[in-house]
Every structure is written in C-alpha cells, then in structure tokens.
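Morning, everyone. I have one structure to show you, and I'll keep it short. Here it is.

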Amino acid sequence: MKRLIRAGVVLAGLALAAALILALVQLPAAVVHLPALVATNLAQSGVEHPVTAVLLNFRGYDTLLEVAVLLLALLTLLALSGGEAPAPVGAADPLLQGLARKALPLIVLSAGYLLWAGAHRPGGAFQAGAVLAAGAVLLQLAGLLPAWAAPRLLLRLGLTLGFFVFLAVAAALLVGGALLRYPPASAGGLIFLIEAGLTLSLGLILAGLFLFVTGRRA
Amino acid sequence: MSAGLLYALAGVLLFVLGAAGAMLLAHLLRKVLAFNVMGSGAFLVLVGLAQREGLADPVPQAMVLTGIVVAVAATALALGLMRALHARTGRTHLTEEVRHD
Amino acid sequence: MSLAFDLLLALALLWSAWRSLATPDLARAVVMFIVFGLLMALAWARLDAPDIALAEAAIGAGLTGALLLDALGALSARRARKGEEA
C-alpha cells in the first residue's frame, strides 16, 4: 500500500512538472513592464537603488506586514519554550573565542555599511540585520554570549523597535491622505530612519530565532 | 532559452521535488528541508519568469527578499514545534503507523 | 558560454536538493541543504539579483543551516540521554 502511494505521488509530481514546464515555455510576452515603471518613479522615491525603493516605498506596506509576521513567529517560538531555562554556556575554545572577538567589530561595521549602502547599491535593512544576527550566533557558538532566556525590558524594546518606528512613520503620514505616501523631499530621510530601526530589530529577531531555542534542556 | 527561463524551469523541478518530499518523507526534519526546497523553487520561478527577457526586474526581487526572511522565520517555528514534540513524546514522526509498514 | 555555466549551476542545484532529500543520514541531509543554499546564492548572483544573493547566503544558508544543525543536535542529544538512562 505504501509503495502504491509513493508511486502515485511520484507520477502526480512528474505530471505536474510536465504541465508547468509546458506552461512556462509557452508564455506570451509580458504586457506590463514593471522595471520601466520603477525607473520612471525612482527619482521621487528618495533612494537610488530600485530594489530598496520597491521594498520601502512602492511596496512599503508589504514590508511593514512582513516585520509583523516575523514578530509573530518569534512570539510563538517564545510561547513554545514554556519558561525553561537555557543550558549554561559550554566549554570555551580559545581560538574560536579570539576569532569571534576579532570578527565582531568587523561584523558591526559591515552591518552599518550595508544599511547605509542600501540607498545607492545592493544592501539595506534585511542584509544588515542578517549580518548582525550572524554575529550574535557566532558569539553564542564561541561561548561569549549565553543563550537567551525569556526577554526582559531592554530586549523587548529592541525586538519591537523596528516595527513600531515603521508603524509610527506610516501613521504620521496618514494625515497626508494615504498610508506610507512619503513627501518626496523627506522620503530619503524617512526611509533611512525606518531602515535603521529595522536593522536593529531584524538583527535581534533573527538572532532570537536561534538564541531563544538553542541549549534548551529537552 | 534565456538564463531566466532556465532557472524558472529548474525552479519548477525543485518545487515538485520539494512537494513530493514533503508528502513522502516521514521524519519531521526532512519535511522541513522539503518545504524549504519548495520555497526556493517558487522563488526561482518568480524571479526567473519575470526576467526571461533578460532585464533585471526589481519588484519580484523585493518580493523574494521578503519571502526568504519569512521562510527562515517559518523554518525556525517549525523546528521549534518539532523540538517541543520530541521533548514531550520522544517522537520525530507525526504518527506511529509509519513504523509498522 | 554563460548559458553553459547556468545549465551546470541549475543541474548542481537539482542534484544537491535531490541528495539532501534522499540521503538516509540526517546530518548529511542538513549539510547538503546548506550546500544547496550556497548554490542558490550563486544562482541569484547569475540572475542579476545581488540583494537576494546577500540575503540567501546570510539567511538561507547561514541562519537556516545553524537552526537545522542545532535542531539535529537537540534530537540526538536527547536520544543519547535516553540511552544512558534506559
């Protein structure tokens, strides 16, 4: 019976793949040309890099809700832990610790550069936050940072700061008529403010996805 | 055949591979791996199809960037659920019947 | 010329994903998944998407790999402890 199910799933998968490949190969040429639309409006968006402009200006609402989804995932993960205390920091490897200590300022510098560079070239809040989270994971693995228990006030503030800054800017712009419609003169500054808050919060959220769970006694 | 279309076709195959794996693999960790492969395949289709003419398109790129971050959060949550199940019951499969075949 | 490289990269993606899902050893599956993530970062670079390549390398391969290895360690640690008590 199990072999029959397996054969059925494989056949269905092959049929689906064939149908999709046929559909892809026969697609007509695109009618809407989004790159041209983005390019014509890029000057008023406040940044010079099209992907950052799309993420934080043209589709800013999606990014706002995405940060909310990340926070929800982290909250659910915290709820699962049931208040167990994480295991103490493990045995320290001096070579790894030395390397982590040397690498940490470079990691913070890289994150800051990626945040600033997002306006002109590939980079931005998500990449910078990911680099910060990688730094925190490195510190934990080297034994320099204990795994996180239930967050206290400072950590909670850091985790939610990005979302609330984004929400506050969006709400403040609501008086102008529409949600997240930046006035073209201050769009660059507002986007940088939002990205700075997002970098900090994303770094903490992504690090928390690892650090709140690691070392838990099963 | 442009590069975009080639990667879109690879994305379709990855998606189907991941879907079949999610259905057939019994161990929860393997299901998580299969879902991630599905997600990566879907992202490749999204960007590859939009760029099949060869021009870089920032809108699907921004959406895939969002998708990658949400996928890692979902993976972390799925792994946390699996660890909680394992801590409470010692099982890494959803049903016991799997063992008896 | 560049299409040949893209073809090889697509084949490598498919092969590493297949090996990740089909290998009986869990640790090997996780390592092949990390390889798959890094190859995806290369694919994004080939698709003129450097932002996605950065994010995939850091988050998709790095953070997801760390999460998976940590979960794997938790599963086998408990099994080892249960083996001691039994």
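At what angle do the axes of helix H1 and helix H2 of chain B cross? Roughly 155°. This is a predicted model, so everything I quote is computed from it. H1 of chain B covers residues 3-24, and H2 of chain B covers residues 28-50. Their axes come within 7 Å. Angles over 145 degrees count as roughly antiparallel, so H1(B) is roughly antiparallel to H2(B). The crossing of H1(B) and H2(B) is left-handed. What sits in that contact, by class? The contact of H1(B) with H2(B) has 18 nonpolar residues, seven polar and one charged.

Now chain B as a whole. Chain B has three helices and zero strands. Along the sequence, the pattern reads α-α-α. The box around its C-alpha atoms, along the principal axes, is roughly 50 × 30 × 10 Å. Still, buried residues make up 60% of the 101 in chain B. On contacts in chain B between residues at least 6 apart in sequence, 62% join residues at least 24 apart.

Next, the interface. Chain C puts in 33 residues and chain B puts in 35. On the side of chain C that touches chain B, helices H1 (2-22), H2 (26-46) and H3 (50-85) of chain C each supply at least two residues. Which helix gives the most to that side? H3(C), with 14 residues. By class, that side of chain C divides into 24 nonpolar, three polar and six charged residues.

Note on methods. Residues numbered from 1 in each chain as written. Chains lettered and ligands numbered in written order. Predicted model: local features only at pLDDT ≥ 70, side-chain atom pairs only at ≥ 80, totals over all residues. Axes fitted to C-alpha atoms, helices over the stretch in contact; angles between N-to-C directions. Helix = DSSP H or I, 4+ residues; strand = E, 2+ residues; numbered from the N terminus. Parallel < 35°, antiparallel > 145°, perpendicular 65-115°, else oblique. Left-handed = near helix turned anticlockwise from the far one by under 90°. Nonpolar A, V, L, I, M, F, W, Y, C, P; charged D, E, K, R; others polar. Contact = placed C-beta atoms within 7 Å. Buried ≥ 20, exposed ≤ 12 C-beta atoms within 10 Å, placed from the backbone.
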